[in-house]
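Please consult the sequence and the structure shown here while reading.

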Amino acid sequence: MLSGEKVDLVAAERAYVPMYVKWINDPEVTQWLKADPPFSTEMEHGWVDRLRREGKIAFTILTKDGRPIGNIGMEEIVWRYRRVTIGIMIGEKDHWGKGYGSDAITTLLRYCFEELGMRRVDLITDSENHRAQHAYKKCGFHVEGLMKQYRTKNGRVIDDVMMAILASDWFAMHPPQGGA
Ligand SMILES: CC(C)(COP(=O)(O)OP(=O)(O)OC[C@H]1O[C@@H](n2cnc3c(N)ncnc32)[C@H](O)[C@@H]1OP(=O)(O)O)[C@@H](O)C(=O)NCCC(=O)NCCS
């Protein structure tokens, strides 16, 4: 388990699948995701089982009183280059805009840079997803570029934004404690 200030991150598992199915079939949530519903319980079980086989790492985000509110994960890990691409979804909409997402991201970044020794963490987001971009910038991500007409979603042609944070950015914001 990884502990943040407002959330804990625990390994994604089958016990949470009913929540995953609720979140990933909610159009207000998925309008911002690459995933296109519908997703069944069996499909979500399959997702959990494939994570380990495919060497991916996904966490369920719990509030400090143990309520599951979303998922965050490392979608692509390239150990050779110490680079990881992450994704996040707060599925409980009443928890949007209250700092849970930023805390989950910061907690995952700490793990990536301070435990795994990653050099770079990046992600791609819809250019119109202003809340997500604001949260990512708060956590230290920088915009690297605009990928015009990168994909379509619900009939809309989407420009995606590439954002990244480097280990040097992270340690400038979070200097190691107790150093010489
Ligand atoms: C994107 C997401 C992970 C962010 O998590 P969150 O808990 O809602 O975000 P936070 O509260 O930590 O931070 C959001 C910030 O954006 C601000 N914000 C909210 N709506 C905004 C908007 N429309 N435009 C700009 N900023 C906005 C908030 O005020 C907050 O900033 P502040 O702390 O300086 O006030 C979450 O909203 C979510 O999962 N949304 C649905 C799925 C999604 O978009 N996933 C990301 C795909 S790339």
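The sections below treat the model element by element.

## Basis of the description

The model is predicted: local features need pLDDT of at least 70, side-chain atom pairs count only at pLDDT 80 or more, and totals for chains, interfaces and linings use all residues. Residues are numbered from 1 along each chain as its sequence is written.

Helices (H or I, at least four residues) and strands (E, at least two) are DSSP runs, numbered from the N terminus. Two strands are said to pair if DSSP finds at least two bridges between them.

## The sheet

Eight strands form an open sheet with mixed pairing, in the order E1-E2-E3-E4-E5-E6-E8-E7. Strand E1 (2-3) and E7 are the edge strands; each has a single partner strand, so one side of each is left without a neighbour in the sheet. Within the sheet, strand E4 (residues 68-78) pairs with E5 in the antiparallel sense over 8 bridges, and Met74 has Ile86 in E5 as its bridge partner.

Strand E8 (residues 156-166) runs antiparallel to strand E6 (residues 120-126), to which 7 bridges join it; here Leu123 stands opposite Met163 in E8. Strand E7 (residues 142-153) is also antiparallel to E8, through 8 bridges, and Arg151 stands opposite Ile158 in E8. E7 and E8 form a hairpin with 2 residues between them, and Asn154 in the turn has a positive phi of about 50 degrees.

## The nonpolar core

A residue is buried if 20 or more other C-beta atoms lie within 10 Å of its own, exposed if 12 or fewer, and partly exposed in between, with C-beta atoms placed from the backbone. A nonpolar core is a set of buried Ala, Val, Leu, Ile, Met, Phe, Trp, Tyr and Cys residues joined through C-beta atoms within 7 Å. The largest such core has 39 residues, of which Ile61 and Ala104 touch the most other members. Helix H4 (residues 100-115) gives the largest share of this core, 7 residues.

Contacts require C-beta atoms, placed from the backbone, within 7 Å. Leaving aside residues up to four places away in sequence, Ile61 touches Val7, Leu9, Ile69, Gly70, Asn71, Ile72, Ile90, Tyr100 and Ala104.

## Trp23 in helix H1

Trp23 lies in helix H1 (residues 17-24) and is buried, because 23 other C-beta atoms lie within 10 Å. With residues up to four places away in sequence not counted, Trp23 touches Val29, Gly70, Met89 and Gly91. The C-alpha atoms of Trp23 and Met163 are separated by 24 Å, the two residues being 140 residues apart along the chain.

In H5, Ala132, Ala135 and Tyr136 are buried. They lie on the same side of H5, because they cover an arc of only 100 degrees around the axis, the arc being that of the directions from the helix axis to the C-beta atoms. The cover over the buried residues of H5 includes H4, E6 and E8. Just after H5, Gly140 takes a positive phi of about 115 degrees.

The ligand is surrounded by 22 residues, the closest being Trp32, Gly101, Ser102, His130 and His134; a residue is near a molecule if its C-beta atom, placed from the backbone, lies within 6 Å of it. Two or more residues of this shell come from each of strand E5 (83-90), H4 and helix H5 (130-138), and H5 gives the largest share, 6 residues. The shell divides into 10 nonpolar, 9 polar and 3 charged residues. Here Ala, Val, Leu, Ile, Met, Phe, Trp, Tyr, Cys and Pro count as nonpolar, Asp, Glu, Lys and Arg as charged, and the others, Gly among them, as polar.

Conventions
Two residues are in contact if their C-beta atoms, placed from the backbone, lie within 7 Å.
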